[in-house]
Amino acid sequence: MKKKFDWKRFILDTAPVAAFTGAICVLIILLSLLGADGTYFVFRGDAANAAAASSAFDAVRTTERFDWTFIALFAVVVYIYATELKHKNYKGVVAALALYGVHWLYEIGNAVIGSATGYALWTVSPESTSFVLLVGVSWELSMMFAIAGLAMSKLLPDDPKKRILGINNRILFAIANAAFFAIFEIFLAGTPAFLWVYPWWGALPVFVTTYIPFFLAAFLMHDAAPKTQKRFLLAVWGAVAVLLLVLIPLGVI
């Protein structure tokens, strides 16, 4: 006999998640109202950034601004991965690769949007980096995302089933980390290094549609069965490889 769907359990599980996420959305909205006239914090895109964002396409994968910090950062990231593997922190490495892979899918999608519409959802300024990988991600940002899942996974409770505020701790930590990154991005968008053009894009959609999936991928894969981890990483990184191999030669991204 087919098991009846437990609506009561579903509501009990999802209501705290929705409430927590909604509370953070309200916080971001309140911050945007309070900081509407601020200089250092930007909560949504501005059409005034259009010219700078458009010119950034010309700097993608050029070596005009290359410097040796490129090598230094790469060496640090390699050292971190090697150290974690030596200590057999495979769950942490999976969390890192899961977030980094999803991040690359988003960056490819962002670059495709930029190619199709003229402006990406987010753009990095060529002047702010030693190398632009795609229109929305510099080498320095990419290296940060390469270890973000690993770093934040170290804060997770040992018990993957533990509930905090009625929410599974993996989901709660994913939402909380997403909120931290989204709010920090408010500062980045207020600098010349990071550009939002579309007025409907900003801290709130970044929190909900971008950073929550990043950290859900990292933290849920952290505790998944090894077979599931392998399948997820193969699917994500396989998709990344295919998209890059097809779209870059075609000149799309």
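Reader: Is Thr 210 buried or exposed?

Author: The model is a predicted one. In it, Thr 210 has a relative accessible area of 5%. Buried means under 20%, so Thr 210 is buried.

Reader: In which helix is Thr 210 placed, and which residues does Thr 210 touch, not counting residues up to four places away in sequence?

Author: Thr 210 has its place in helix α7. With residues up to four places away in sequence not counted, the residues that Thr 210 touches are Tyr 106, Trp 201 and Pro 205.

Reader: Which residues have the most contacts inside the largest nonpolar core?

Author: The largest nonpolar core has 69 residues. Helices α1, α3, α4, α5, α6, α7 and α8, together with strand β2, each supply at least two residues of this core. The residues with the most contacts inside it are Phe 207, Tyr 211, Phe 215 and Phe 219.

Reader: Which residues does Tyr 211 touch, not counting residues up to four places away in sequence?

Author: Tyr 211 belongs to a cluster linked by ring pairs, whose members include Phe 145 and Phe 181. Leaving out residues up to four places away in sequence, Tyr 211 touches Phe 145, Ala 178, Phe 181, Ala 182, Glu 185 and Val 206.

Reader: Why is the pair of Phe 180 and Phe 181 edge-to-face?

Author: The count of aromatic pairs comes to 23. For Phe 180 and Phe 181, the ring centres are 5.8 Å apart and the planes stand at 75°. Planes over 60 degrees apart count as edge-to-face, so the pair of Phe 180 and Phe 181 is edge-to-face.

Reader: What is the pair of Phe 215 and Phe 219, stacked or tilted?

Author: The ring centres of Phe 215 and Phe 219 are 5.8 Å apart, and their planes are at 45°. Stacked planes are under 30 degrees apart and edge-to-face planes over 60, with the rest counted as tilted. The pair of Phe 215 and Phe 219 is therefore tilted.

Reader: How many residues apart are Phe 215 and Phe 219 in helix α7?

Author: Phe 215 is buried, at a relative accessible area of 1%, and Phe 219 is buried, at 0%. Both lie in helix α7, residues 203-222, where about one helical turn separates them because they are apart by 4 residues.

Reader: What separates the C-alpha atoms of Gly 238 and Gly 101?

Author: Gly 238 lies in helix α8 and counts as partly exposed, at 29% relative accessibility. Gly 238 and Gly 101 are 137 residues apart along the chain, and their C-alpha atoms are separated by 9.4 Å.

How values were computed. Residues are numbered from 1 along each chain as its sequence is written. This is a predicted model: local features need pLDDT of at least 70, side-chain atom pairs count only at pLDDT 80 or more; totals for chains, interfaces and linings use all residues. Side-chain values use heavy atoms; hydrogens and water are left out. Rings of Phe, Tyr and Trp (its six-membered ring) pair if their centres lie within 6.5 Å; planes under 30 degrees apart count as stacked, over 60 as edge-to-face and the rest as tilted. Buried means under 20% relative accessible area, exposed over 50%, partly exposed in between (1.4 Å probe, protein chains only). Contact means heavy atoms within 4.5 Å. A nonpolar core is a set of buried Ala, Val, Leu, Ile, Met, Phe, Trp, Tyr and Cys residues joined through side-chain atoms within 4.5 Å.
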